[in-house]
Amino acid sequence: MFWFLLITMVVVVAAVTLAVVGGGDSEVLPEVAPEELVDPLPAARPVDRADVEALRLPVAVRGYRMADVDDVLVRLGAELAERDARISELEEALAGAAAAGDAEDGRA
């Protein structure tokens, strides 16, 4: 009886191992194509908060795809730099207009 149980246990373990490993030429799990980033950021207008909130980056085996994340961060960084430059220009123009207004008030 002992030998029968031992042989049965070996057969069951071997069958489970072959089922998990995929004993044969057929694949147990087919290869899945990696997710690709579909860039939802608008090209025709500046990025706004809703665009960033709607952004979903594809997941890779060990987290996010670095190239996709880098592309998005470069795009967002460039747009922030453009906005900062525009804000600086407007603040300088406002300061110049305020100084010109103060000079006119002092002359009158």
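Biologist: Which residues make the nonpolar surface patch of about 850 Å²?
Modeller: Phe2, Trp3, Leu6, Ile7, Met9, Val10, Val11 and Val13 make that patch. Patch residues have over 30% relative accessible area and no salt bridge, and nonpolar side chains (Val, Leu, Ile, Met, Phe, Trp, Tyr) are joined within 5 Å. Keep in mind that this is a predicted model: local features need pLDDT of at least 70, side-chain atom pairs count only at pLDDT 80 or more, and totals for chains, interfaces and linings use all residues. Residues are numbered from 1 along each chain as its sequence is written, and side-chain values use heavy atoms, with hydrogens and water left out.

Biologist: Where does Trp3 lie?
Modeller: In helix 1, residues 2-21. Helices are DSSP runs (H or I, at least four residues), numbered from the N terminus.

Biologist: Is Trp3 buried or exposed?
Modeller: Exposed, because its relative accessible area is 59%. Buried means under 20%, exposed over 50%, partly exposed in between (1.4 Å probe, protein chains only). Phe2 is exposed as well, at 58%.

Biologist: New topic. How many aromatic pairs does a search of the whole structure find?
Modeller: One. Phe2 and Trp3 form it, edge-to-face, with 5.7 Å centre to centre and 70° between the planes. Rings of Phe, Tyr and Trp (its six-membered ring) pair if their centres lie within 6.5 Å; planes under 30 degrees apart are stacked, over 60 edge-to-face, the rest tilted.

Biologist: Which element has the highest mean pLDDT?
Modeller: Helix 1, at 88. pLDDT is the predictor's confidence in each residue, from 0 to 100.

Key
Patches are made of residues with over 30% relative accessible area and no salt bridge: like charges are joined within 9 Å, nonpolar side chains (Val, Leu, Ile, Met, Phe, Trp, Tyr) within 5 Å. Accessible areas come from the Shrake-Rupley method with a 1.4 Å probe; for residues, only the protein chains shown count as cover. A salt bridge is a side-chain nitrogen of Lys or Arg within 4 Å of a carboxyl oxygen of Asp or Glu. Helices (H or I, at least four residues) and strands (E, at least two) are DSSP runs, numbered from the N terminus.
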